[in-house]
Amino acid sequence: MHYRNTKTMNSKTQERELARLYYMQGEQQKTIAEKLGIGENTVARWVKDGQWEARRAALNITRPEIVNKILVLISKILEKVDDIEEMGPEALAKLISQIQKLANSIEKLDKRATVMDNIETFQNFNRWMESQMKYDAELTPQLLTKIAQLEDQFVQAQFDKGKRM
């Protein structure tokens, strides 16, 4: 006997997008599976196939954390130098180059800070909308999915714009 899957391709896509939205907001895979009434293996496969874990990690580290880590690296480089005046020209050039590269990284982060701010704002907004779903019938999973898609497009456009600067 052959059983037909009752879910349409469109509803599966919406379900996957909603799962991605939950995942990007920090939900655990088990919780997502329970919320959507699907198997944990399905969610795990989506996470792996869509590389959601790496994307979520990138969203969850803040700009100040990155800048602090870069500044710590600069500090460690400078601690290794006993006396700059006694350094040879090649060693001094190498030191300056390392520090300059790290400083340039901070400058690039500043240009992309707006994108990161937008992502953080969208995450907070999405969490708020999810909490409002129980009070507002117009807030449906399909609407949240569409909004998340538009947010992704906006962030990508801003990121691309930052690359050209």
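Glutamine 158 sits in helix H7 (residues 141-164), where a helix is a DSSP run of type H or I of at least four residues, a strand is a run of type E of at least two, and both are numbered from the N terminus. The model is a predicted one, in which local features need pLDDT of at least 70 and side-chain atom pairs count only at pLDDT 80 or more, while totals for chains, interfaces and linings use all residues. Residues are numbered from 1 along each chain as its sequence is written, and side-chain values use heavy atoms, with hydrogens and water left out.

How exposed is glutamine 158? Its relative accessibility is 22%, so glutamine 158 counts as partly exposed. On this scale, buried means under 20% relative accessible area, exposed means over 50%, and partly exposed lies in between, for a 1.4 Å probe and protein chains only. Glutamine 158 and asparagine 118 are 40 residues apart along the chain, and their C-alpha atoms are separated by 9.2 Å. Asparagine 118 belongs to helix H6 (residues 89-132). With neighbours within four places in sequence left aside, asparagine 118 is in contact (heavy atoms within 4.5 Å) with Phe154 and Gln158. A further pair involves glutamate 151, which is 33 residues from asparagine 118 along the chain, with 8.8 Å between the two C-alpha atoms.

The chain has seven helices and zero strands, and from the N terminus on its elements run α-α-α-α-α-α-α. Of its 165 residues, 27% count as buried. Among the contacts with a separation of 6 or more, 63% come from residues 24 or more positions apart.

Helix H1 (residues 9-24) holds glutamate 17. Is this charged residue buried or exposed? Glutamate 17 has 18% relative accessibility and therefore counts as buried. Not counting residues up to four places away in sequence, glutamate 17 touches Thr145 and Gln149.

In H2, the buried residues are Ile32, Ala33 and Leu36. These residues cover an arc of only 100° around the axis, which puts them on the same side of H2; the arc is that of the directions from the helix axis to the C-beta atoms. Just after H2, glycine 37 takes a positive phi of about 70°.

Helix H3 (residues 40-49) has Val43, Trp46 and Val47 as its buried residues. Seen down the axis of H3, they fall within an arc of 100°, so they line one face of the helix. Asn41, Lys48 and Asp49 are exposed on the other side of H3. Valine 47 of this helix counts as buried because its relative accessibility is 4%. Leaving aside neighbours within four places in sequence, valine 47 is in contact with Tyr23, Gln29, Trp52 and Glu53.

How do H2 and H3 meet? Two packed helices are described by the angle between their axes and the distance between the axes. The axes of helix H2 (residues 29-36) and H3 come within 8 Å and cross at roughly 120°. Here axes are lines fitted to C-alpha atoms, for helices over the stretch in contact, and angles run from 0 to 180 degrees between N-to-C directions. The angle makes H2 oblique to H3, since angles under 35 degrees count as roughly parallel, over 145 as roughly antiparallel, 65 to 115 as roughly perpendicular and the rest as oblique.

On the H2 side, the contact is made by Gln29, Lys30, Ile32 and Ala33, and on the H3 side by Glu40, Val43, Ala44 and Val47. These residues divide into five nonpolar, one polar and two charged. In this grouping, Ala, Val, Leu, Ile, Met, Phe, Trp, Tyr, Cys and Pro count as nonpolar, Asp, Glu, Lys and Arg as charged, and the others, Gly among them, as polar.

The last stop is glutamine 51, in the loop between H3 and helix H4 (52-60). Most residues other than glycine have a negative phi. Glutamine 51, although not a glycine, has a positive phi of about 55°. With 53% relative accessibility, glutamine 51 counts as exposed.
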